Amino acid sequence: MPELPEVQTVVTMLQPLVGRTIQKALVLHKPTVSGSAEKLERLRARKIERIHRRGKYIRFDLAGGQGLLIHLRMTGWLGELSADEKRPRIDPYIRVRMPLDDGRQHLVFSDIRTFGRVWYGAREALDAHRSMQALGPEPLEITVDDFTRRLKSHRGRVKPLLLNQSFLAGVGNIYADESLFAAGIHPLADASRLGAARAAQLHAAIQAVLNASIAAGGSSVENFLRPDGESGWYQRELRIYGRAGTPCTRCGGIVKRIVVGQRGTWFCGSCQKR
DNA sequence: ATCTATTCCTGGCTGC
DNA sequence: TGCAGCCAGGAATAGA
């Protein structure tokens, strides 16, 4: 599922679209568009000025102060296809199709489970959207001091806190487990009681894990494909996520799976202390 | 403030 | 082999 590294991979690979023009939008599945699908279908000839990321959201800045906001959720895919191109994992699930320039190429949003969402409107309105306003700091930008302070001010368990987008924007289930494993912290540990040294370890672990995954083009777990249709590589580097019953790569203990906050959670009971 | 359950959805897996 | 039933989970929401 797309988390920060996967979304960053998408944004990086879509940069060649900057300067090109979205001619119009065809909505094939109305619930994918938040607000009004008809409004998006009235879009005409907007040049793409910038493509960037905030948390797990993708933002297209369009000419005239307009913008598109896209969340891939579980199975969303965003990329450029020629108008008649067929790809078995993408084509049957196309929800929004946006012809570019002369119409020979299309920017396509495809999504198997239809959890993904597209918003269209004035950039200020997109920025003011409740879910954007609520986003916490970027995990690759926050300083260790700020991170430690924020951890201390929350009373709950550390794993659900890492998944909370108001606490930190962009970490999801895979990278929460990988980061906690790398830092040697139990997923049920009380966040406010971690102490400065362990908070610093967690901060470093989150940044190292996210950066390593970005360098690998993300993890292809549960359908994620890059805009070019290829897989990322980081799923091969996962050390704890999804490895229940296998030996821990650090200490040889057996990896456990529990459920925390309705999320599958993998950890090593021997080297992740509470 | 924090936690839990529910909803959305469908491909893929398990078990009979 | 065929099919029913269940599972995965990000985020919004409701309720405890």
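A search of the whole structure finds 0 disulfides, a disulfide being a pair of cysteine sulfur atoms within 2.5 Å. This is a predicted model, where local features need pLDDT of at least 70, side-chain atom pairs count only at pLDDT 80 or more, and totals for chains, interfaces and linings use all residues. Residues are numbered from 1 along each chain as its sequence is written, and side-chain values use heavy atoms, with hydrogens and water left out.

The table gives burial. Buried means under 20% relative accessible area, exposed over 50%, and partly exposed in between (1.4 Å probe, protein chains only).

| Residue | Relative accessible area | State |
|---|---|---|
| Cys268 | 0% | buried |
| Cys271 | 17% | buried |
| Thr148 | 13% | buried |

Thr148 sits in helix H5 (residues 144-152). Helices (H or I, at least four residues) are DSSP runs, numbered from the N terminus. Not counting residues up to four places away in sequence, Thr148 touches Ala196 and Ala199. Contact means heavy atoms within 4.5 Å.

Ala199 is also one of the buried residues of H8. Others include Leu202, His203 and Ile206. Their cover includes helix H1 (4-13), H5, helix H6 (158-163) and helix H7 (173-183).

Helix H8 (residues 195-215) has 21 residues. From first C-alpha to last, H8 reaches 30 Å, close to the 30 Å expected at 1.5 Å a residue. That expected span is 1.5 Å times one less than the number of residues. Gly217 follows H8, with a positive phi near 80°.

Terms used
Chains lettered and ligands numbered in written order. Helix = DSSP H or I, 4+ residues; strand = E, 2+ residues; numbered from the N terminus.
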